[in-house]
Amino acid sequence: ALLHALAAMYLACGELRQAVQSFESALVARRRARDKVGLADSLYRLGCCFSHIAYTAHALDHLQQALLLSQEVGDRTGEAHCLTQLGIVYLNHAEPARSLPLLDAALELFVERGDLSAQIRCHDAMADARMALGDQWLSDLHKQESQRLQQLDEEERGCLEDEDEDEEGDES
C-alpha cells in the first residue's frame with residue numbers, strides 16, 4: 001500500500017519514471033504475497049502509466065494481464081476500468097474499431113454499478129471513436145448522453161452537499 005501511495009504521489013507530480021518504478025516494486029511485492037486483487041491493481045496502474053507515455057505494447061500487455069486477473073477474482077469494477085483503459089489505448093493508437101467493443105463492455109459494467117463518472121468517460125471515448133470512424137451521428141449521441149450524465153452527476157453531488165450542510169446545521 002505504501003508503494004502505491006508513493007507511486008500515486010509521483011504520478012500526481014508528473015514524475016512518470018519514478019511512478020513506474022514504484023508501481024513495479026509494488027507489483028513484485030504483490031506477486032510475492034500472492035495478492036491477486038492488488039496485483040491486478042498494480043498491473044492496471046502500470047498500464048495506465050505506459051499508456052500516458054505512449055508505450056502502447058507495454059500498456060496493452062499490463063492492462064490485458066490486469067483484466068484477466070480482475071475477471072479471475074470477480075472484481076467487476078476493476079474489470080470495467082481495465083476495459084475502459086484498453087479501449088482508450090486502442091483509440092489513441094488509431095484503432096477506434098477495436099476500442100468500441102471494449103468501451104461498450106465497460107459501459108455495461110459501469111451502468112450496473114451506477115458509476116456516473118466512469119459512464120461519462122466511456123461515452124466521451126466512444127464519441128471520439130465514432131468520430132474517428134466517420135460516424136458523426138453516433139458520435140453526437142454519445143456526446144449528448146455524456147452531457148446528460150454530467151448534469152445528473154452534478155445534481156446528485158449538489159443534493160449530497162445540501163444534505164451534508166443540513167446535517168451540519170442539525171448538529172449545532
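The largest pocket of this predicted model is lined by L11, L16, F23, Y44, R45, C48, C49, S51, H52 and Q85. The space in this pocket amounts to about 170 Å³. Two elements, α2 (16–32) and α3 (36–52), each give two or more residues to the lining. The largest share, six residues, is supplied by α3. Sorted by class, the lining consists of six nonpolar, three polar and one charged residues.

A nonpolar patch on the surface is formed by L3, L6 and M9, which together have about 230 Å² of accessible area. Of these residues, L6 is located in helix α1 (residues 2–12). The relative accessible area of L6 is 32%, so L6 is classed as partly exposed, a term that covers values between the limits of 20% and 50%.

The position of A54 is in the loop between α3 and α4 (56–73). A54 is also assigned to the exposed class, because its relative accessible area is 59%.

Technical notes: Residues numbered from 1 in each chain as written. Predicted model: local features only at pLDDT ≥ 70, side-chain atom pairs only at ≥ 80, totals over all residues. Heavy atoms only, no water. Patch = residues over 30% accessible without salt bridge, like charges linked within 9 Å, V, L, I, M, F, W, Y side chains within 5 Å. Areas by Shrake-Rupley, 256 points an atom, 1.4 Å probe, with all protein chains shown as cover. Salt bridge = Lys/Arg side-chain N within 4 Å of Asp/Glu carboxyl O. Helix = DSSP H or I, 4+ residues; strand = E, 2+ residues; numbered from the N terminus. Buried < 20%, exposed > 50% of the residue type's maximum accessible area, 1.4 Å probe, protein only. 1 Å grid on protein atoms, 1.4 Å probe; cavity = no way out; pocket = protein on both sides within 12 Å on 5 of 7 lines; lining within 4 Å. Points joined across faces, edges and corners; volume = space filled by probe spheres on them. Nonpolar A, V, L, I, M, F, W, Y, C, P; charged D, E, K, R; others polar.
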